Amino acid sequence: MAIRNIGIIMNGVTGRMGTNQHLIRSILAIRSQGGVSLPNGDVIMPDPILVGRQEHKLKALAEAHGVARWSTDLETCLADPYNEIYFDSQTTVRRAESIKQAIAAGKHIYCEKPTAVDLEGSLELARIARSAGVKNGVVQDKLFLPGLLKLKRLIDSGFFGRILSVRMEFGYWVFEGDWQPGQRPSWNYRKEDGGGIIVDMFAHWRYVLDNLFGEVKSVSCLAATHIPQRLDEQGVPYACTADDAAYATFELEGGIIVQANSSWAVRVDRDDLLTLTVDGTEGSAVAGLRDCKTQHRVNTPKPVWNPDIPNPFKFRDQWVQVPDNQTFDNAFKVQWEMFLKHVVVDAPFPWDLLEGAKGTQLADLGLQSWQERRWIDVPKLSL
């Protein structure tokens, strides 16, 4: 058995997602399990170097988790041939410029989304990565959530018959910061800093819909800034210039209609923070982050509208849970392992920077639809 060490520059990893999902639950978890095993018995061992702008944060994070390498000098890290992969989880407004530097240095690219602040910027990254011949991938984590994997299992089995519609509900109440601290960073609510729920979440909805149900063909979106003022991390009030809720309808290939509500100003009365309800001619399903329940055509009740009597049905009791039937690993870790295999042994990895650009495209068109108050077609992208 041979161990293939691979240096990974992890830029922006001191942020919430970068620390928890990408460093601790992915790269360090992969190291703890002994690396990523290859079919020939060899092992890929990721070796991270933490990169950022604030030395005290990097040092504290590295010491807390036993990471030997950290640096505030991105250029020096990029110049080191040992570091083969560049990963970016910075704020959106910083991402594209750093990725360009990494491509110019010949690094393979793996990054969070949105990949850039607009479609033009995302397509530029995809073009220069292809021209440079570097491998590239974009985080599409929700595809590997247990609930969505179970939903994909149902789709592939033909359970739904012809899929008619999808209803997506996402969100929770993000505290304003006055009497309870907010759960999300303040930049999320400033348009000038790359914030907004359309920019944040439509990149997710694009790959979820494209990969599970069919390509998005058109979009109609209405958004709002329901909470006009919040308090930042220092307790200072600031004006919210970005949307904190979006109410969208998507038309997919095959005539499937999707209604998607996304909000950081809604209180949760559903099974999970994200739920997808899928209705088809032969059956329906409701999927959350981990669970998925179904109701087949033969088990569908026959209610009759009658508001003059108490409801005789216990609708929630008439659904059946889809069993796990497998062990589900962390969604971010699963995709990291796939990308590492892609880099080292050229295993398939279809979620490249062009796929990432599709998410930016849908966000741009959602914002345009909101501004112009009309349906917008979604053109096919190519390089």
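Biologist: Is Phe159 buried or exposed, and what is its relative accessible area?

Modeller: This is a predicted model, in which local features need pLDDT of at least 70, side-chain atom pairs count only at pLDDT 80 or more, and totals for chains, interfaces and linings use all residues. Residues are numbered from 1 along each chain as its sequence is written, and side-chain values use heavy atoms, without hydrogens and water. Buried means under 20% relative accessible area, exposed over 50%, and partly exposed in between, with a 1.4 Å probe and protein chains only. Phe159 is therefore buried, its relative accessible area being 15%.

Biologist: How many aromatic pairs does the structure hold?

Modeller: Rings of Phe, Tyr and Trp (its six-membered ring) pair if their centres lie within 6.5 Å; planes under 30 degrees apart count as stacked, over 60 as edge-to-face and the rest as tilted. The number of aromatic pairs in the structure is 15.

Biologist: How many residues apart in sequence are the parts that Tyr110 and Phe349 tie together?

Modeller: Tyr110 and Phe349 form an edge-to-face pair, with 6.2 Å centre to centre and 80° between the planes. Both residues, Tyr110 and Phe349, are buried. Tyr110 lies in strand 6 (residues 108–111) and Phe349 in the loop between helix 8 (331–345) and helix 9 (353–372); helices (H or I, at least four residues) and strands (E, at least two) are DSSP runs, numbered from the N terminus. The pair therefore ties together parts whose separation in sequence is 239 residues.

Biologist: Which class of pair do Phe159 and Phe160 form?

Modeller: Phe160 counts as buried, at 1% relative accessibility. The ring centres of Phe159 and Phe160 are 5.2 Å apart and the planes stand at 85°, so the pair is edge-to-face.
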